[in-house]
Amino acid sequence: LEVDSGDVIRLILQFLKENNLNSALNALQEESQISLNTVDNLDAFLSDVLNGNWDNVLQTVSSLKLPHTKLILLYEQIILELIELREIDTARMLLKHTEPMILLKQQQAERYLRLDHLLLRPSFDPREAYPDGVSKEKRRTTIAQTLASEVSVVPPSRLLGLITQALKWQQHQGLITPGTVYDLFKGAAQAQALEEEQPPTRFSQAIKYGPSSHAECACYTPDGQTLLTGSFDGFLEAWNPTTGKLRRDLKYQAENLLMMHEETILSLTVSRDSEIIASGSTDGKIKVWSLASGQCLRKFESAHAKGVTCLCFARDRSQLLSGSFDTTLKVHGLKSGKALKIFRGHTSYVNACLFTSDGTRVISGSSDGFVKVWDSRTTDCLSSFKPTPDGSEVSILSVQLFPSKLALNVEHLVICTHSTSVYLVSIKGQILRTFSLAPTTSVLASQSADGAPNAPRPREFVGMCLSPRGEWIYCLSEDSTVYCFNTTSDDLETSFQTEEKDPIGLIHHPHRNSLATFSRGPLKIWRA
């Protein structure tokens, strides 16, 4: 793909014209010998010529660079019509002082003198002005056709539009982080003072549901502008993460035309550019949506035989990875609408799935206790391991890439099991660090059937999330406590109660010190 340098200059010329930088426009056209020659509306321009609206025509032509022969033809016709209207002074001024007419006098003196003689006639004779049976209307039509071949119409603001498209593509490819302010001149994101990561333990807002519904899954868009929830009754809703209110600026939500499934939504994911959402439900269906319009872009009616538990977009948004209660993972093509690949090997529910940063591998975690690494192209299982130190079979609830810069180019995973421990593991299965609750961390001891007190024990984790820079790991336990582990010191720094029964999960805002916890009650937003 090659770009013509002349086209680049034309883009700059259009920018100069639209911003009324006329001196720079003329100077660049003169120096480059490249003309813009565009009109906002070709039909309107030609209509002005055909109807003799010469003021409009001359104003448009003043910014165009046209061949001298065509300009002479145009000015000659304007002078003839001015003579017909007996606007003799104006006609004389155009004849004596405009560049096309001065050039005509030098090159075609006889043709010039004919116009000069017509100025002196006491009356206008069309037969003398338009010899050989040519009429004024035919002359206008000829001029319109002549000028039409010299001009073109292009969409407005092409330079800014192309730059915006290029930036969106870089964001789409993951080269620009969504939500950042980009310095176009320097070609990099503007340096911003990063907010110090702190545990968000202060309750801020609650999103409440009806008595028969609650959020089964939730996620933030990568740009941080929207909090998405999938509910027990099948609705997919977009919320303002600051106010906790439904986003009524989205037209479809303002009109109560919500995105929805026929069954409970179990999983959500969002593309890196924050434009496309994928949702999976208990009936094995997957739907792909436009966040801006609420339109369903693609349906996978039989994506899985059982509920879809986890989803992940490929970096370029062309494919969608899914995991299911049916023990399989699949890669679906967004364009084809078909399952392209299937990964078999787990013996129980798949609870977590993701692509590695380069997209060459797929990672999955299952209730069978195994984390598996797959070749995303061939679907071969490259490695399989249990992250627990003793190799015990504990359900894998969540697997996430560790965002710390300390990992450099090596993929490290944070794995949460249905226990009281979280593990930082290499992609080959080597345990690097362990984050665990102390044995004394527990709720009050319960009693056994014979009345004897049971030993206090920690409550197992049901969900996990990471802070944006990986400085904190947050775990939600069965007793509705959020535990905050410091990844620098490996210590349990603090904890707080969400005070809701039957906790389901938690998510972290991509840019702020903010958590959202969801349960069979309200979704709660917490801030530092």
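Student: What should the 17 residues of helix α5 span, and how far apart are its end C-alpha atoms?
Tutor: At 1.5 Å a residue (times one less than the number of residues), helix α5, residues 68–84, should span 24 Å, and its end C-alpha atoms are 24 Å apart, which agrees. Helices here are DSSP runs of H or I with at least four residues, and strands are runs of E with at least two, numbered from the N terminus. This is a predicted model, in which local features need pLDDT of at least 70 and side-chain atom pairs count only at pLDDT 80 or more, while totals for chains, interfaces and linings use all residues. Residues are numbered from 1 along each chain as its sequence is written, and side-chain values use heavy atoms, leaving out hydrogens and water.

Student: Switching topic, where is Leu-228?
Tutor: Leu-228 lies in strand β5, residues 227–231, and Leu-228 is buried, its relative accessible area being 0%.

Student: How far is Leu-228 from Cys-217?
Tutor: Leu-228 and Cys-217 are eleven residues apart in sequence, and their C-alpha atoms are 8.4 Å apart in space.

Student: Which residues does Leu-228 contact, leaving aside its neighbours within four places in sequence?
Tutor: Counting contact as heavy atoms within 4.5 Å, the residues that Leu-228 touches include Cys-217, Thr-221, Leu-236, Glu-237, Val-270 and Leu-291.

Conventions. Buried means under 20% relative accessible area, exposed over 50%, partly exposed in between (1.4 Å probe, protein chains only).
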